[in-house]
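I opened my notebook to go through this structure piece by piece. Here is what I looked up, in the order I got to it.

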Amino acid sequence: MVLQNLENYRLVLASKSPRRKHLLEELGLNFEVHVSDVKEYFPPELGMTAIPEYLAELKATAVRNQLGDNCLVIAADTIVWKDEEVLGKPATKQEAIDLLKHLSGSQHQVITGVNIQSANRKYSFHAVTEVWFDELADDEIEYYIERCKPYDKAGGYGIQEWIGFVGVNKIEGSFFNVMGLPVHKVYQFLKKF
């Protein structure tokens, strides 16, 4: 393992996201997955970057409190932000269609907040990626939703899926952040433990 400083910790990912799990595996980390049961609510006065940081800390704290002091917990939350509002995960096909139509032909931000905590240290941080979509035709939106079922994704899309290949024409910032984890920043903060 590259991060020798983590050997004495029980490393835990507090997320059910298969994408986050995959990205941490690619770092070569040995970790467990434990999903928190916290309700994803945030105070309405929080701003664009504070919302995902707040939710990530809720998740990390809940899992660390369950598992004990020898854990080092990593939690994250990703939001899509456009026109001063959070675009959540679609619950229905129609919601997914509406979200993608709203993103079509425009720019939005993807913000991932991360919280890494042990019994003695806690770091909260975020990454912002600007994403631009081309105009999406109705049949492209329908095809993507039928093929990829993006109901577990903020904003109703995954950049690593078909819609990202054909619809995203530009990003500024971390690609992996849009997938759900700014891996480069996570790695830098893990070195501090």
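Predicted model: local features only at pLDDT ≥ 70, side-chain atom pairs only at ≥ 80, totals over all residues.

**Entry 1: two helices**

I began with α3 and α4, and I found that α3 passes α4 in a right-handed crossing. The angle here is about 130 degrees, and the axes sit 10 Å apart.

Which residues make the contact? On the α3 side I listed K93, A96, I97, L100 and K101. On the α4 side I listed D138, I141, E142, Y144, I145 and E146. Sorted by class, that contact has 6 nonpolar and 5 charged residues, with no polar ones.

In soluble globular proteins, nonpolar side chains tend to be buried together. The largest core in this model has 43 residues, and I116, Y157 and L190 have the most contacts inside it. Which helix gives the most to this core? It is α3, residues 93–103, with 5 residues.

Leaving out anything up to four places away in sequence, Y157 touches L100, L103, H108, V110, V131, F133, Y144, P150, I163 and V178. I also noted a second, separate core of 8 residues, with V12, L67, C71 and V73 among them.

Is V63 buried or exposed? V63 lies in helix α2, and its relative accessible area is 0%, so I wrote it down as buried. Beyond its sequence neighbours up to four places away, V63 touches V12, A14, H34, V35, S36 and V73. I also checked V63 against I163: they are 100 residues apart in sequence and 33 Å apart in space, C-alpha to C-alpha.

S36 is in the loop between β2 (32–33) and α2 (50–67). Its relative accessible area is 14%, and the cut-off for buried is under 20%, so S36 counts as buried. Setting aside residues up to four places away, S36 touches K59, A62 and V63.

**Entry 2: E40**

E40 is also in the loop between β2 and α2. With 44% relative accessible area, E40 is partly exposed. Apart from neighbours within four places in sequence, E40 is in contact with L55, K59 and D77. I looked up the spacing to K59 too: E40 and K59 are 19 residues apart in sequence and 8.7 Å apart in space, C-alpha to C-alpha.

**Entry 3: positive phi**

Last, I checked backbone angles. Phi of E84 is near 65 degrees. Where is E84 placed? It is in the loop between β3 (71–82) and β4 (85–87). E84 is exposed, with a relative accessible area of 66%.

Phi of K149 is near 45 degrees, again positive in a residue other than glycine. K149 is in the loop between α4 (138–148) and α5 (162–167). I noted K149 as partly exposed, because its relative accessibility is 44%.

How values were computed
Residues numbered from 1 in each chain as written. Heavy atoms only, no water. Core = buried A, V, L, I, M, F, W, Y, C linked by side-chain atoms within 4.5 Å. Buried < 20%, exposed > 50% of the residue type's maximum accessible area, 1.4 Å probe, protein only. Helix = DSSP H or I, 4+ residues; strand = E, 2+ residues; numbered from the N terminus. Contact = heavy atoms within 4.5 Å. Axes fitted to C-alpha atoms, helices over the stretch in contact; angles between N-to-C directions. Left-handed = near helix turned anticlockwise from the far one by under 90°. Nonpolar A, V, L, I, M, F, W, Y, C, P; charged D, E, K, R; others polar.
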